[in-house]
Amino acid sequence: MARDFDEEVRLSVGEFVRLETRDGIGTIRLERPPMNALNTQVQEELRAAATAATADSGVRAVIVYGGEKVFAAGADIKEMADMSYVDMAERAAELSSALGAIARIPKPVVAAITGYALGGGCELALACDWRVVAEDAKLGQPEIKLGIIPGAGGTQRLARLVGPARAKDLIMSGRMVDAQEALRIGLADRVAPAAEVYDAAVAMVQPYLNGPVQALRAAKLAVDGGLDMDLASGLAWESQLFAALFATDDRREGMAAFVAKRKPDFTGR
């Protein structure tokens, strides 16, 4: 039998970021109207939500969602405008690591994007494993128009996702792309009507909710970690993770179910 998840909704609330858990899905919801600008407080609340989603064994997958109107239109420029080099030198690593906490969630993570995902908002989307984009959404890294560059992973994650030439085009021009171009270049994984974006994100993670937790974690670690290694090191990393899964109950259950020609009943152990 597939594992049934508790239907109770559990909430962890910051002022601007909320983690809502239902039926195995943790939704990290941004709520800082009108545009979900990512000021320092939002960044740290995103970090806290990512930490909570990671620690909660009842969360099997995560959706990052800005609501029906906008995902996140970027960093809080008013907050940054008067910062000096010294100020930002002290803050930049924290900004990057706050969004990096989303990338490090060891579970499937989908960004459900409506309206705009610009600047830091696009970087937040890039920190997710996949992106479901509304038909009328706009994505981009417009920092160049402010005389700066992306500083929370945009130059690195975007280049790894769409290739260096396309990343340079988007970053150096600062232009926005629509949903169809985002899909064509690999910045989006699925396009849906705006009213259906969240449901499409739920459908995307649904197959993983009863899956083998440790194997899913290992798959994500293998791919993400391997991107930072040469091929030989990546293959060694893969082998280590592969072998480690032979210590799990789910590996035994999966193979026993295969031999018995039945559906596996994974427990996450």
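Val 213 lies in helix 9, which covers residues 213–226. The model described here is predicted. With a relative accessibility of 23%, Val 213 counts as partly exposed, because that class lies between buried, under 20%, and exposed, over 50%.

Leaving aside residues up to four places away in sequence, Val 213 touches Arg 60, Asp 250 and Gly 268. Phe 266 is 53 residues from Val 213 in sequence, and their C-alpha atoms are 8.2 Å apart in space.

## Helix 1 and helix 3

Two packed helices are described by the angle between their axes and the distance between the axes. For helix 1 (residues 40–55) and helix 3 (residues 85–103), the axes come within 8 Å and cross at roughly 40 degrees. This crossing of helix 1 and helix 3 is left-handed.

On the helix 1 side, the contact involves Thr 40, Gln 43, Glu 44, Leu 46, Arg 47 and Ala 50. They meet residues of helix 3, among them Arg 91, Glu 94, Leu 95 and Ile 102. The residues of this contact divide into seven nonpolar, three polar and four charged.

## Helix 5 and helix 6

Helix 5 (residues 154–162) and helix 6 (residues 164–173) pack with their axes 7 Å apart, at an angle of about 135 degrees. That angle makes helix 5 oblique to helix 6. The crossing of helix 5 and helix 6 is right-handed.

Seven residues of the contact are nonpolar, two are polar and one is charged.

How values were computed. Residues numbered from 1 in each chain as written. Predicted model: local features only at pLDDT ≥ 70, side-chain atom pairs only at ≥ 80, totals over all residues. Heavy atoms only, no water. Axes fitted to C-alpha atoms, helices over the stretch in contact; angles between N-to-C directions. Helix = DSSP H or I, 4+ residues; strand = E, 2+ residues; numbered from the N terminus. Left-handed = near helix turned anticlockwise from the far one by under 90°. Contact = heavy atoms within 4.5 Å. Nonpolar A, V, L, I, M, F, W, Y, C, P; charged D, E, K, R; others polar. Parallel < 35°, antiparallel > 145°, perpendicular 65-115°, else oblique. Buried < 20%, exposed > 50% of the residue type's maximum accessible area, 1.4 Å probe, protein only.
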